[in-house]
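Here is a guided walk through one protein model. Look it over first, then follow the paragraphs from its surface to its pockets.

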Amino acid sequence: YKRQKVYAPKLVKAAISNAKSKMQDAYTFSTRARDYRTQKISEIYDEYEKQLMANNAIDFDDMLLLTVNLLSTNEEVRNKYHERFSHILVDEFQDTNISQYMLIRHLYSNGKADSDLKGRSLCVVGDVDQSIYSWRGADYKIILNFQTDYRNAKLIKLEKNYRSVATILDAANAIIVNNTDFLLYT
């Protein structure tokens, strides 16, 4: 008799969602599984995908993953939506995950160089200090690399805070200054 480990459904759901936000399908996730727990989750992920397919269903993460995959592989569809959306605004950009970032990238640039994007605009609003969704796949490095990815981007700092009192801001800044990545963007 072999004792089976039981994993909390919430943990498994979060692991699968996190994998999808990193653009990892069940097969890719399984190839990166290095320990017993991750291997078991990869088996569940594979079965979950089979059940979704059998029921002609997708989950929320699939909406992004499938859309990005479609835009990545189908030039006609990518061109259609690139032409349809010439002005893109993204709020809370610090909480973007890789699949969301790839969607934005396809819609905005369509693989074209910055110099070929005349008449188009991409405005992102965010504050890396307020990144709070890493537990669900958000990657704060995306906002840190924005000006590298978009060399013609103009940074506008909003340095006046109208929502918090000085005591709260001082406490927050005392914590933030200890962030090892803080020096990268100041």
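A patch here is made of residues with over 30% relative accessible area and no salt bridge, where like charges are joined within 9 Å and nonpolar side chains (Val, Leu, Ile, Met, Phe, Trp, Tyr) within 5 Å. The areas come from the Shrake-Rupley method with a 1.4 Å probe, and for residues only the protein chains shown count as cover. A salt bridge is a side-chain nitrogen of Lys or Arg within 4 Å of a carboxyl oxygen of Asp or Glu. This is a predicted model, in which local features need pLDDT of at least 70 and side-chain atom pairs count only at pLDDT 80 or more, while totals for chains, interfaces and linings use all residues. Residues are numbered from 1 along each chain as its sequence is written, and side-chain values use heavy atoms, with hydrogens and water left out.

Begin with the overall layout. The protein has 10 helices and two strands. Helices (H or I, at least four residues) and strands (E, at least two) are DSSP runs, numbered from the N terminus. From that end, the order is α-α-α-α-α-β-α-β-α-α-α-α. The C-alpha trace spans about 65 × 50 × 25 Å along its principal axes. Of the 186 residues, 30% count as buried. Buried means under 20% relative accessible area, exposed means over 50%, and partly exposed lies in between (1.4 Å probe, protein chains only).

Which residues make a nonpolar surface patch of about 420 Å²? They are Ile58, Phe60, Met63 and Leu66. Phe60 sits in helix α4. This residue is exposed, with a relative accessible area of 59%.

Next come the salt bridges. The count is five. One of them joins the side chains of Asp62 and Lys20, at 2.7 Å from N to O. Asp62 lies in helix α4 and Lys20 in helix α1, so the pair ties together parts that are 42 residues apart in sequence. Are these two partners buried or exposed? Asp62 counts as buried, at 4% relative accessibility. Lys20 is buried too, at 1%. Both belong to a network of salt bridges that links Lys20, Glu49, Asp59 and Asp62.

Helix α3 holds other pairs. Lys40 and Glu43 meet through their side chains in a salt bridge of 3.3 Å, N to O. They are three residues apart in helix α3 (residues 36–54), so about one helical turn separates them. Glu43 is partly exposed, at 48% relative accessibility. Asp46 and Lys50 form a salt bridge of 3.2 Å, N to O. These two are four residues apart in helix α3, and about one helical turn separates them. Asp46 is partly exposed at 32%, and Lys50 is partly exposed at 47%.

Then look at the pockets. On a 1 Å grid over the protein atoms alone, a pocket is an open set of points with protein on both sides within 12 Å along at least five of seven lines, and lining residues have an atom within 4 Å of a point. Grid points are joined across faces, edges and corners, and a volume is the space filled by probe spheres set on the points.

The largest pocket has a volume of about 1,900 Å³. Of its 45 lining residues, the closest to its centre are Gly126, Asp127, Ile156, Lys157 and Leu158. At least two lining residues each come from β2 (121–124), α7 (141–144), α8 (146–149), α9 (166–176) and α10 (182–185). Helix α9 gives the largest share, five residues. The lining divides into 23 nonpolar, 11 polar and 11 charged residues. Here Ala, Val, Leu, Ile, Met, Phe, Trp, Tyr, Cys and Pro count as nonpolar, Asp, Glu, Lys and Arg as charged, and the others, Gly among them, as polar. Asp127 is found in the loop between β2 and α7. Asp127 is partly exposed, with a relative accessible area of 30%.

The second largest pocket has a volume of about 520 Å³. It is lined by 21 residues, and Lys13, Ser17, Phe60, Asp61 and Arg136 lie nearest its centre. Helices α1 (9–21), α4 (60–73) and α6 (98–109) each supply at least two lining residues. The largest share, eight residues, comes from α1. By class, this lining has nine nonpolar, six polar and six charged residues.

Notes. On a 1 Å grid over the protein atoms alone, a cavity is a set of points where a 1.4 Å probe fits but cannot get out, and a pocket is an open set with protein on both sides within 12 Å along at least five of seven lines; lining residues have an atom within 4 Å of a point.
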